[in-house]
Amino acid sequence: MDVNLVTVLVILAVTASRTSETLFPGAFNCCMKISDEIPKGILRRVERFEIQKADGLCHLEAVILYIEGRKFCVNPWIRKVKKWMKKNKHKIPPKKTHGRHQRRTKIIKRKQKKQ
């Protein structure tokens, strides 16, 4: 293959991957591996958590624990994690809405004046 063609293909691949991560930041945030064990010390330091479902782009069910800016993926079926999640429901971030709400318009029938 021509060296220029290979260079162009590499540049296009890098550009496409960066653009897709910028346009769809949540789409590439899936856990690929999950831990089946978790120390209690980690659960005490969790700032927030999210539940990843096995649908769409993500192929594993997981609980994502955020500690000091890092994320840890753990098995959602661990008894210790289930118990901790019930106790700490307030640490689930609110669901983000797209900010656009369809307004219902009210049709007002106006009375015509008789002349």
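**Exercise 1.** Which residue in β3 is the bridge partner of Tyr-66?

*Solution.* The model is predicted: local features need pLDDT of at least 70, side-chain atom pairs count only at pLDDT 80 or more, and totals for chains, interfaces and linings use all residues. Residues are numbered from 1 along each chain as its sequence is written, and side-chain values use heavy atoms, with hydrogens and water left out.
Step 1: strand β2 spans residues 62–67 and runs antiparallel to β3, to which 5 bridges join it. Strands are DSSP runs (E, at least two residues), helices are runs of H or I (at least four), and both are numbered from the N terminus; two strands pair if DSSP finds at least two bridges between them.
Step 2: the partner of Tyr-66 in β3 is Lys-71.
Step 3: in the hairpin of β2 and β3, with 2 residues between the strands, Glu-68 has a positive phi near 50°.

**Exercise 2.** State the strand order of the sheet and identify its edges.

**Exercise 3.** Which helix gives the most to the positive patch?

*Solution.* Step 1: the surface patch of positive charge gathers Lys-40, Arg-44, Lys-80, Lys-83 and Lys-87.
Step 1: α2 (40–44) and α3 (79–87) each supply at least two of its residues.
Step 2: α3 gives the most, with 3 residues.

Note on methods
Patches are made of residues with over 30% relative accessible area and no salt bridge: like charges are joined within 9 Å, nonpolar side chains (Val, Leu, Ile, Met, Phe, Trp, Tyr) within 5 Å. Accessible areas come from the Shrake-Rupley method with a 1.4 Å probe; for residues, only the protein chains shown count as cover. A salt bridge is a side-chain nitrogen of Lys or Arg within 4 Å of a carboxyl oxygen of Asp or Glu. Lys and Arg count as positive and Asp and Glu as negative; His and the chain ends are not counted. The place of a charge is taken as NZ of Lys, CZ of Arg, CG of Asp or CD of Glu.
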